[in-house]
Amino acid sequence: MEHSATGRQQSWKTSRSMDLLFRGVTAACAAFVLVIMAGIFVSLVWNSLPTIREFGFSFLFSKAWDPVSQKFGALSSIYGTLMSTAIAMLLAVPLSMVIALFLVELAPPKVSAVVGNAIELLAAVPSIIYGMWGLFVFAPFMADHVQPLLSEYLGWLPFFQGPEMGIGMLTAGIILALMILPFISTVMRDVFAMVPDVMKEAGYGMGATTFEVTKDVTIRYGIQGMIGACLLGLGRAIGETMAITFVIGNSSDIFISLFEAGNSIASRLANEFAEAAEPMYLSALMELGLVLFLMTLILQIITQFWLKRVKKKMGGDLL
Amino acid sequence: MTAALDEKMPRRFTDEETGEEGAKIEAFLHHFQEEDEEDTVSSAKISARNLNFYYGDQQALFDNNLDIAEGRITAIIGPSGCGKSTHLRIYNRIFQLYGNQRAEGEVLLDGKNLLDSGTNLIELRRRIGMIFQKPTPFPLSVFENVAYGLRLHFKMPKSELNGRVESALKKAALFDEVKDKLDKPGVALSGGQQQRLCIARTIALEPEILLMDEPTSAIDPVATRKVEELAEELKGNFTIVIVTHSMQQAARISDFTAFFYKGKIIEYGLTKEMFTNPKQKQTEDYITGRFG
Ligand SMILES: Nc1ncnc2c1ncn2[C@@H]1O[C@H](COP(=O)(O)OP(=O)(O)O)[C@@H](O)[C@H]1O
Ligand SMILES: [Mg+2]
């Protein structure tokens, strides 16, 4: 007895020092991430000081972008980033949800496995491939088939008027949607698969149909995970560069019509960094980067608050 | 078993029956008269006939024959894995959610085989409510949990809905505890309250039968006692089938008991008799705690 008691005491001791070490290492790693974040932020601010001094807040509200006369504003890029992301989310989120629900609730297990694997493969395709495919295959298809249809049937809306060129805001949004769709749908699939069978049985046991169980039990149960999945997609979409740069058209104007060309922060940075020689030009690009950085940060914070509220409404973590 | 059990119609427990079965029936009758003067004849609400069940190739139930008396509590006991849940889950056909599960034989509900492919499952499950081992409150408010089934199956004005929800909560002996938190999430209640919420949600639909699969195994003793009292209160209006791990529970609240062992029904009869005078050796071993 005595022997085992001391053995335990000793293991308790070692495990305590191990705990301390473990805590130290993990804390250091976490701190390191914070330091890097802060470092990026500070250097972005530092490098954009010239334009911050010159334009102040008006940088955010001006759509001027003229390297020759040194007039810079971020509005068209911010608009393009938000609009292309919004189109992408609008298309990808509902579609992902339907795909995930199909895979978990309706598809026979074999079909579900095959389709699930295919979607995971899609998620591994590099974004430059989406960009190239978008430019050479999808944009002509849009110009020849989709845009004529849209303008014929929805042309009374200001969004679907203008040149049917293929490239432009709408095409960029759709390419983005295709790109983030695999991510959102695989995460959502995993979320729905985690909803306990007995909860669904309880729904069916009340005489609910598959649709009602899905709507009232599965989706509600998984809502927190679904928000997480959307956030993941949003994070990818908002900073996506290659897939967009090819197809967005790179215009510095803002158009209501989604057929028109535009630009996003990321696409502008990718296109113009190489040619930015003057300090003001470079500073303007840096400030664009800063804006993107802050935009993602704000989106993160908003989503976290939203998640908290949902959690409270649901009575805690469900999964 | 005997020819009487092979009849399509649910058996009525009358004194016309003879032989060994007749003796059992007399015991039923006697019991009913003792407990409930006006109800001298009780029919079988559910009758399982030669019921076999398969998980894929694996057979889990073997030739189950069982009559569930209307308005009474029937307990299903037996060691873990003997097929109690499997048997219960046939009655509302919840097993059909899973592609590889299959039932053969007949389960007569008021004389109609509910295993027929023509059975309307939605209607069936409105008539036969189920309570699970783990409380299963939906991610909705307390009120919406109870209103859930009502909204699914009926169209009614808000005032009537409110009344029905309140009455269901009262019947489930939960109203006083939750009347101030009707719009709070159901999952925020305690485990015992959640289980009674699920009972309220189920009885709000005024089902004819309540299936309970070890409803108290995940909640504390005080809450267990409340659920047991509730079951005793509800019988008469509802036919209750309760699967239980606890023989004390079966003895306390049930009128009839069925003892399952390895997918077979070894013994079935009045609870009092089974616990005082079991006919089968296996039953005796089980209730005296020699196995399981
Ligand atoms: N989903 C399932 N798939 C395969 N076998 C199962 C499944 N559920 C239960 N079984 C088997 O069926 C038998 C009866 O199980 P069950 O009805 O859950 O027993 P009980 O409720 O009496 O503990 C057990 O042998 C169990 O292993
Ligand atoms: Mg069980």
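## Second pocket: lining

The lining of the second largest pocket is made up of 11 nonpolar, three polar and four charged residues. Here Ala, Val, Leu, Ile, Met, Phe, Trp, Tyr, Cys and Pro count as nonpolar, Asp, Glu, Lys and Arg as charged, and the others, including Gly, as polar. This is a predicted model, in which local features need pLDDT of at least 70 and side-chain atom pairs count only at pLDDT 80 or more, while totals for chains, interfaces and linings use all residues. Residues are numbered from 1 along each chain as its sequence is written, chains are lettered from A and ligands numbered from 1 in the order in which they are written, and side-chain values use heavy atoms, with hydrogens and water left out.

The second largest pocket is lined by 18 residues, and those nearest its centre are Val104(A), Glu105(A), Asp197(A), Leu97(B) and Tyr98(B). Its volume is about 490 Å³. In chain A, helices H4 (75–106), H5 (109–123), H7 (169–194) and H8 (197–205) each supply at least two lining residues. H4(A) gives the largest share, four residues. Helices (H or I, at least four residues) and strands (E, at least two) are DSSP runs, numbered from the N terminus.

A pocket is an open set of points on a 1 Å grid over the protein atoms alone, with protein on both sides within 12 Å along at least five of seven lines; a cavity is a set of points where a 1.4 Å probe fits but cannot get out, and lining residues have an atom within 4 Å of a point. Grid points are joined across faces, edges and corners, and a volume is the space filled by probe spheres set on the points.

## The cavity

The count comes to one cavity of 30 Å³ or more. The largest cavity has a volume of about 30 Å³. Among the residues that line it are Tyr79(A), Met169(A), Asp253(A) and Phe255(A). The lining of the largest cavity divides into five nonpolar, two polar and two charged residues.

## Ligand 1

The residues around ligand 1 include Tyr55(B), Pro79(B), Lys84(B) and Gln101(B), each with a heavy atom within 4 Å of the ligand. The shell consists of four nonpolar, six polar and one charged residue. Helix H2 (residues 84–91) of chain B gives the most to this shell, with three residues.

An oxygen atom of ligand 1 is 2.4 Å from an N or O atom in the side chain of Thr86(B).

## Chain A overall

Chain A has 12 helices and two strands. Its radius of gyration, taken over C-alpha atoms, is 25 Å, well over the 20 Å that the globule rule gives for 319 residues, so chain A is more spread out than a compact globule. The globule rule is 2.2 Å times the number of residues to the power 0.38. Along the principal axes, the C-alpha atoms of chain A fill a box of roughly 85 × 55 × 35 Å.

Definitions and conventions:
A polar contact is a pair of N or O atoms within 3.5 Å; within protein, one must be able to donate a hydrogen and the other to accept it, and residues adjacent in sequence count only if both atoms are side-chain atoms.
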